[in-house]
Amino acid sequence: MKKAVFVFGTLTYTQRGREALRRRGILTKIIRTPVQYRNGSCGYSLSVINRVDESVEILRAMNIPVQGVYPADLE
């Protein structure tokens, strides 16, 4: 996957995820969660371009729970 949406349960986890990835040099953007991916989430997600698999591992290692990782075709 080249571009993905990372869905979190709370805005706080979304922000923590963004900061953890930023510290590793991975650029992200907080976005509104696309309707098809809102399954009890807070409504905010991270858009990650490239380094998707690495991002999953970083968040897992930092104990930041991700509800789902989905392909992004947002633009």
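**Close-ups of salt bridges and a buried threonine**

Glu19 and Arg22 are about one helical turn apart, because three residues separate their positions in helix 1 (residues 11–23). Helices here are DSSP runs of H or I with at least four residues, numbered from the N terminus. The model is predicted, so to speak of local features pLDDT of at least 70 is needed, side-chain atom pairs count only at pLDDT 80 or more, and totals for chains, interfaces and linings use all residues. Residues are numbered from 1 along each chain as its sequence is written, and side-chain values use heavy atoms, leaving out hydrogens and water.

**View A. Glu19 and Arg22 form a salt bridge.** Their side chains meet with an N to O distance of 2.5 Å; a salt bridge is a side-chain nitrogen of Lys or Arg within 4 Å of a carboxyl oxygen of Asp or Glu. Side chains of opposite charge can pair when their charged atoms come close. Glu19 is partly exposed, at 28% relative accessible area, and Arg22 is partly exposed too, at 48%. For these labels, buried means under 20% relative accessible area, exposed means over 50%, and partly exposed lies in between (1.4 Å probe, protein chains only).

**View B. Glu19 also forms a salt bridge with Arg23.** Here the closest N and O atoms are 3.6 Å apart. This pair is four residues apart in helix 1, which again means a separation of about one helical turn. Arg23 counts as exposed, with 54% relative accessibility.

**View C. Arg51 and Glu54 make another salt bridge.** Look for the closest N and O atoms of this pair at 2.9 Å. Both partners are partly exposed: Glu54 has 34% relative accessibility, and Arg51 has a relative accessible area of 37%. A search of the whole structure finds four salt bridges, among them this one between Glu54 and Arg51.

**View D. Thr14 is a buried residue of helix 1.** Back in helix 1 we find Thr14, whose relative accessibility is 0%. Where does the side chain of Thr14 reach? The side chain of Thr14 comes to 3.0 Å from the backbone oxygen of Thr10.

Definitions and conventions. Helices (H or I, at least four residues) and strands (E, at least two) are DSSP runs, numbered from the N terminus. A polar contact is a pair of N or O atoms within 3.5 Å; within protein, one must be able to donate a hydrogen and the other to accept it, and residues adjacent in sequence count only if both atoms are side-chain atoms.
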